Amino acid sequence: MLQSTLLIKKLKKNKIMIQVKEISKKYGKAEVLNIQSLEIPTGESFGLVGNNGAGKTTLFNTMLDLVRPTTGAITNNNIQVNESEEWKTFTSSFIDETFLIGYLTAEEYFEFIGDLRGMNKADVQSFLAQFDEFFNGEILGKKKYLRDLSKGNQKKAGIVAAMMGNPKVVILDEPFANLDPTTQIRLKKIVKELTEDRDVTVLISSHDLSHVTEVCERIVVLDKGNVVKDIQTSPATLKELETYFSV
Amino acid sequence: MISHFLRLERKQYFRSSYWQTGIALKVIMVFFALYFLVTFLALGIGSFFIIRKIYPDADPLQVVNSYLVFAFLGDLVFRFLMQKIPIMNIQPLLILPIKKKSIVHFILTKSAFSFFNVMPLFFYLPFSVVLFGEGYNTAGVLGWFFAMIFLTLFNNYVNFLINKNQKIFFSLATVLAGLCAIQYFELYDISAAVGQVFDALYANPIFVFIPFALLLITYNLNFNYLKTRVYLDDAIKKDVKEVKSVDLSWTDRLGEVAPFIKNDIRLIWRNKRPKTVFLLSFLFVAYALIFFTQEVYEEKMPVFLIFASLFVTGGFVMNFGQFIPAWDSAYYKMLMSQNIKYRLFLESKWYLMVGMTFVLYLLSIPYIYFGVDKFLMITAGAIYNIGFNSILLLYAGSFNRKRIDLDKSAFANYQGTSATQFVVIIPILALPMLLFWIFKTTVSFNAGILSIALVGLLTLVFKKYFMNFIERKYIKDKYAAIHAFDQKA
């Protein structure tokens with residue numbers, strides 16, 4: 001029994017979910033992204049770190065087909081993202097607060113996203129119930145528009161919306177920034193649970209090395225658009241990253 | 001210190017998004033500004049002679065004086081609705097080593113140069129110059145002129161004191177309405193009575209110290225009020241409105257487009273600019289009254305009746321439709337990363353435009369009073385708006401590359417405007433006018449109207465085909481739109 005689950009894990013692990021092939025992005029003459037090859041297996045919790053301007057958000061935006069690469073292509077579950085939109089049915093994301101609709105309340109926003117992801121009102125209700133602790137009573141029933149919430153609370157709403165509708169791929173850009181310590185810890189727990197049964201692939205970018213080493217089993221370091229490190233997380237990883245960044 | 005402030009102001013002005021528009025738009029804006037300037041100047045210079053022509057026995061200055069009380073009260077009501085003290089801008093200054101006193105003085109002084117205070121000058125100044133020319137007493141005219149400036153500024157500061165207090169506003173509006181009624185029904189001649197007060201300013205210019213004192217008092221009241229309140233949780237607080245949710249579950253009957261329709265309804269109702277557009281479209285229903293009540297259009301320029309008829313039902317289609325999809329620019333990226341069918345997004349806008357046009361058409365039924373032919377014109381216009389204009393504006397929207405901030409006022413707001421909005425006027429308005437003109441002159445009035453309705457109907461019949469085409473265009477232009485809507489100019 002144990003062996004068979006291990007086998008399944010191994011099989012799943014071997015399957016590639018996201019594949020980045022020879023991708024580059026140029027704005028005028030400036031090249032902001034240049035990745036020869038990057039493969040993210042199904043169920044991996046993938047961390048992306050790098051200083052400002054390293055190309056983290058550009059890479060995520062390219063994966064989401066919000067920005068076109070100058071060369072190369074990205075496939076998500078064997079679907080090339082800029083050729084078919086099928087990947088959108090199993091991929092969800094939160095990049096920044098422009099992903100929120102400012103004039104809606106949190107409830108209305110979740111209902112809208114739920115509608116798009118095939119959830120009815122009851123589904124949305126029971127889904128949100130799991131996040132009571134994460135919301136800490138600051139999101140639901142507040143009679144406030146999303147635009148009037150604090151940055152941290154906006155982020156909470158956005159992250160939870162990105163988990164709606166059983167996505168297979170979740171992309172979160174800087175999810176820990178602006179969150180209070182308690183919420184950061186709760187978010188780490190949520191991400192770990194999400195990848196536990198190796199079904200959901202989670203991609204996270206962060207400036208916080210300790211958080212990202214804690215939740216991600218693999219960490220890729222970007223610098224000026226290039227992959228400079230690709231590490232399977234081990235107890236030594238945090239030290240290694242700190243040494244790398246303390247230049 | 002003041003030079004610092006002035007430098008900041010200059011940069012704020014010239015670096016504002018206002019100037020970062022295309023050259024064509026700049027030319028048009030300058031043209032409009034000049035037009036208003038010249039109009040006001042002409043009014044200022046001309047009104048003296050116009051009044052003398054209408055009331056040959058009266059002193060034009062006294063006639064003007066007698067209406068000033070209405071002007072100032074009306075000004076106050078207008079200010080209440082439109083003007084707000086620009087206090088949010090000072091937030092970054094608070095933590096700098098600048099005395100609060102000078103910050104408050106600065107914003108209060110700055111407000112004196114607002115549009116609302118400069119505009120009246122364009123009347124008072126040329127009017128005073130004409131008075132000089134007509135041989136009025138120099139000291140008297142100077143006294144009167146300065147009194148007008150002081151009173152305008154007095155209004156400026158009174159408005160800040162009222163500070164959006166609804167009760168005071170409604171009592172003010174009631175007083176104004178009451179005064180107008182008393183004057184109109186000739187219960188008491190207010191204008192003459194109050195006019196004498198202003199006449200006294202000319203007769204005894206020394207009285208100018210009274211408005212001046214009023215100005216100083218209100219300035220100081222404002223100063224004292226604000227000085228203790230420049231805190232983030234007080235005067236500089238962003239007002240957060242409590243949400244009033246309305247049940248929109250009735251839209252669920254519309255099926256797949258329902259989530260989008262719900263959003264669009266909330267978009268319109270909860271944001272300043274689309275809300276203004278929505279409310280204005282009801283005003284447009286009355287637009288044709290201007291044309292239908294004047295025989296000259298019927299006899300000589302019936303084409304303009306078509307122009308008016310299109311506006312009766314088209315206010316919403318035209319003003320809302322021209323900025324699709326920029327209304328959703330703030331979160332366009334999110335929509336594009338969601339599993340939505342572009343078609344539904346577009347269809348919901350179409351439903352909205354068609355639904356509103358239909359409502360406006362129902363409201364226009366009383367136009368039958370002006371004759372069945374007029375109502376037929378409006379009907380043809382409505383069909384054209386529903387069929388042709390809605391589809392055309394959806395198509396034109398795919399060229400929109402300008403972001404819109406939903407919370408800015410709609411008045412004189414050119415944000416989101418580009419060449420598209422001007423080019424599109426031709427098929428929206430000129431085409432039906434041309435069709436009508438051709439068929440009316442060659443065949444008959446009815447043929448003219450039918451031709452317009454037919455274009456609308458044909459587009460409606462082939463809607464599916466057009467929507468396919470439009471959808472493809474939007475998908476093709478997706479990246480350009482995402483990029484453009486990201487630019488916060």
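This is a predicted model: local features need pLDDT of at least 70, side-chain atom pairs count only at pLDDT 80 or more; totals for chains, interfaces and linings use all residues.

In what order do the six strands of the open sheet in chain A lie, and what is the sense of their pairing? The order is 6-7-8-3-9-10, and the pairing is mixed.

- From one strand to the next, the twist averages 15°.
- Strand 3 (residues 45-49) and strand 9 (residues 218-223) of chain A pair in the parallel sense, with four bridges between them, and Val49(A) has Val221(A) in strand 9 as its bridge partner.
- Helix 9 (residues 237-245) of chain A packs on this sheet, where it touches strand 3, strand 9 and strand 10 of chain A, and the direction of helix 9 makes about 160° with that of strand 10.

**The two domains of chain A**

- The domain assignment divides chain A into domain 1, made of 2-90 + 168-245, and domain 2, made of 100-166; the centres of the two domains, taken over C-alpha atoms, are separated by 24 Å.
- Domain 1 and domain 2 of chain A each bring 10 residues to the contact between them.
- On the side of domain 1 that touches domain 2, strand 7 (169-173) and helix 7 of chain A each supply at least two residues, and helix 7 gives the most, with four residues.
- By class, that side of domain 1 of chain A comprises six nonpolar, two polar and two charged residues.

**A residue of helix 7**

- Thr182(A) is found in helix 7 (residues 181-196) of chain A, and it counts as exposed because 11 other C-beta atoms lie within 10 Å, where the cut-off for exposed is 12 or fewer.
- Thr182(A) and Asn136(A) are 46 residues apart in sequence, while their C-alpha atoms are 9.6 Å apart in space.

**The contact between chain A and chain B**

- This contact takes 24 residues from chain A and 22 residues from chain B.
- On the side of chain B that touches chain A, helix 10 (258-270), helix 15 (332-337) and helix 22 (478-486) of chain B each supply at least two residues, and helix 10 gives the most, with five residues.
- The residues on that side of chain B divide into 12 nonpolar, six polar and four charged.

Technical notes
Residues are numbered from 1 along each chain as its sequence is written. Chains are lettered from A and ligands numbered from 1 in the order in which they are written. A residue is buried if 20 or more other C-beta atoms lie within 10 Å of its own, exposed if 12 or fewer, and partly exposed in between; C-beta atoms are placed from the backbone. Two strands pair if DSSP finds at least two bridges between them. Axes are lines fitted to C-alpha atoms, for helices over the stretch in contact, and angles run from 0 to 180 degrees between N-to-C directions. Two residues are in contact if their C-beta atoms, placed from the backbone, lie within 7 Å. Ala, Val, Leu, Ile, Met, Phe, Trp, Tyr, Cys and Pro count as nonpolar, Asp, Glu, Lys and Arg as charged, and the others, Gly among them, as polar. Domain bounds come from an automatic or database domain assignment.
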